[in-house]
Amino acid sequence: MLRKISLASLALVVGGILAAVGFYAYFTDKPTLNLAGFFYGIPLLLGGLALKAAELEPAEFTEPTSDEVLLLRESQATDTQNQVRKDITRFRYGQPAHLDDALERLGLAPTDEERPLLQGLREVDVDGAYGLILEFYSPLMPIETWEEKKAKIATFFGPGLHAEVSPKADDKIELALIKITEA
């Protein structure tokens, strides 16, 4: 629940209210309330503005997760899959894009302009295994480059995962991180 709340918006609202109270108190000659409003409200308002400028909104699920897939997630998802899902579905601050560091280390983001942008995610059942599918908009990074990096992607995101890459329409790429199940 708290992961879905923007700290920047919260700071802006609380800071705005306190600053407004401070200005009201100043003009109505109430010095104690005036100081509290100014000393807490204005810095909080400015902090909220700074956070808002550096805010990266959470990636959205492109389709709802079924109850069967939720059960698979609980029983099979690796720590890495859970961490990636949690990281990209919450507000981030000071990052230019979701998974920017991971893409850079994998060689999929040589420059900021070429970096694929995460647009969404979904969770699926892949032949009885839990799969986390990351949907990227990748107009400047060809599918061949993604295909070359499949093994590196699988090892980067940890043991017990298999990576699948598939092109979609409109310069979109889907990266599936699938749990390897023992047969």
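In which helix does Val13 lie? Val13 lies in helix α1. The model shown is predicted, with local features needing pLDDT of at least 70, side-chain atom pairs counting only at pLDDT 80 or more, and totals for chains, interfaces and linings using all residues. Residues are numbered from 1 along each chain as its sequence is written, and side-chain values use heavy atoms, leaving out hydrogens and water.

**View 1. Meet helix α2, residues 31-53.** Helices here are DSSP runs of H or I with at least four residues, and strands are runs of E with at least two, numbered from the N terminus. Helix α2 has 23 residues and reaches 32 Å from its first C-alpha to its last, close to the expected 33 Å (1.5 Å times one less than its number of residues). Asn34, Gly37, Gly41 and Gly48 of α2 are buried (under 20% relative accessible area, 1.4 Å probe, protein chains only). Part of their cover comes from α1 (7-27).

View 2. Helix α1 gives the most, with 6 residues.

**View 3. The hairpin of β4 and β5.** Strands β4 (residues 117-126) and β5 (residues 129-137) run antiparallel, joined by 9 bridges (strands pair if DSSP finds at least two bridges between them). Val124 has Gly131 as its bridge partner in β5. Between the strands are 2 residues, and Asp127 in the turn has a positive phi of about 50°.

Methods: Buried < 20%, exposed > 50% of the residue type's maximum accessible area, 1.4 Å probe, protein only. Contact = heavy atoms within 4.5 Å.
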